[in-house]
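Me: I have a structure open and would like to learn how to read its features one by one. Could you walk me through it?

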Amino acid sequence: MQAVGIPQAGRIVRDSGIAVSCLCRSGLFPAADEAGRRAALDDNKRAVDEAAGIGAQCLVLIGGGLPKGSKDLAGAHAQVRDGLAALLPYAHDAGVPLALEPLHPMYAADRACVNTLAHATDLCDQLGNGLGIALDAYHVWWDPGPAAADRARGQAHHHLARLRLAGADDRPASRPRHDGRRRYRPAPLRQMVEATGYAGAVDVEIFSANNWWKRDPDEVLKVCIERFRACV
């Protein structure tokens, strides 16, 4: 497959008449020094430009984990907050809403130190308009306080994410696994999100190099639709 630049990709999307629910993903704000933090902010600004270029409805971000060698979780939390605050005006000017995706706590050290809906909604409250939540069932199924999503006031970008289409989990062996892969029930989560007034896009995010990525796209889409309709 030949890669195309953002301008051409945007033209292809517009000419096809399809909608882009989100560009996923950016973030990763914490860094060991000021130069690293500036580089992270610049990288996120490029992602905003890319999202705007293809007409994405939002840019999904994960916060980032602890800088290498650091054990300062509170400091990483502060860097995520400050990074989002610095990025928001740029995203606002570009017309790109930001959607923060809390990840399961097993990723806190190296990928995302924002792990609960309560933490994500606190950041939304602190930073104001332009920041919402990307709600991923795979990552928040365990959360003891899912009612915190009510505070998102319809700002969530809802992933029925990694809603498993296969009977066996065929994620690459190198990827971490946790018990949620077979235990969560996405229907109550969907009902909770819709009860907040959210009526936007719902994504199905598939990691399946050995199975679903190899199948006919029309077949995959058909199964996605069937299982989405069953998830009520």
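Reply: Gladly! Let's begin with a term: two residues are in contact when they have heavy atoms within 4.5 Å. Keep in mind that this is a predicted model. Among contacts in the chain between residues at least 6 apart in sequence, 75% join residues at least 24 apart.

Me: What does the secondary structure of the chain come to, and what pattern does it follow along the sequence?

Reply: There are 8 helices and 6 strands. Read along the sequence, they give α-β-α-β-α-β-α-β-α-β-α-α-β-α. As for burial, 45% of the 232 residues count as buried.

Me: How do I read a helix pair, and at what angle do the axes of α2 and α3 cross?

Reply: Look at the axes, then the handedness, then the residues. The axes of α2 (residues 34-53) and α3 (residues 73-94) come within 10 Å and cross at roughly 35°, and the crossing is right-handed. On the α2 side, the contact is made by Arg-37, Leu-41, Asn-44, Lys-45, Val-48, Asp-49 and Ala-52. From α3 come Gln-79, Gly-83, Ala-86, Leu-87, Tyr-90, Ala-91 and Ala-94. Sorted by class, this contact has 8 nonpolar, 3 polar and 3 charged residues.

Me: Where does α3 bend?

Reply: Start with its span. The 22 residues of α3 reach 31 Å from first C-alpha to last, close to the 32 Å expected at 1.5 Å a residue. There is a bend of about 30° at Leu-88, and a proline, Pro-89, follows within four residues.

Me: Which residues of α3 are buried, and what covers them?

Reply: The buried residues are Gly-75, Ala-76, Gln-79, Val-80, Gly-83, Leu-84, Leu-87, Leu-88 and Ala-91. Their cover includes α2, β2 (59-62), β3 (98-100), α4 (117-127) and β4 (131-136).

Me: Now single residues. Is Gly-53 buried or partly exposed?

Reply: The general idea is to compare relative accessibility with the cut-offs: buried means under 20%, and exposed means over 50%. Gly-53 has 22% relative accessibility, so this glycine counts as partly exposed. Gly-53 lies in helix α2. Setting aside neighbours within four places in sequence, Gly-53 is in contact with Ile-6, Gly-10 and Arg-14. Gly-53 and Arg-11 are 42 residues apart in sequence and 8.9 Å apart in space, C-alpha to C-alpha.

Me: And why does Val-140 count as buried?

Reply: Val-140 is buried because its relative accessible area is 4%. Val-140 lies in helix α5 (residues 137-140). Beyond neighbours within four places in sequence, Val-140 is in contact with Pro-102, Leu-117, Leu-135 and Leu-189. Between Val-140 and Pro-105, 35 residues apart in sequence, the C-alpha to C-alpha distance is 9.3 Å.

Me: How should I read the backbone, and which peptide bond is cis?

Reply: Most residues other than glycine have a negative phi, and most peptide bonds are trans. Here, the peptide bond from Cys-24 to Arg-25 is cis, with omega near 15°. Arg-25 lies in strand β1 (residues 23-27).

Me: What is the phi of Leu-28, and where is Leu-28 found?

Reply: Leu-28 has a positive phi of about 55°, although it is not a glycine. Leu-28 is found in the loop between β1 and α2. With 42% relative accessibility, Leu-28 counts as partly exposed.

Definitions and conventions: Residues numbered from 1 in each chain as written. Predicted model: local features only at pLDDT ≥ 70, side-chain atom pairs only at ≥ 80, totals over all residues. Heavy atoms only, no water. Axes fitted to C-alpha atoms, helices over the stretch in contact; angles between N-to-C directions. Helix = DSSP H or I, 4+ residues; strand = E, 2+ residues; numbered from the N terminus. Left-handed = near helix turned anticlockwise from the far one by under 90°. Nonpolar A, V, L, I, M, F, W, Y, C, P; charged D, E, K, R; others polar. Expected span 1.5 Å × (residues − 1). Bend = angle between axes of the 7 residues up to and from the residue. Buried < 20%, exposed > 50% of the residue type's maximum accessible area, 1.4 Å probe, protein only.
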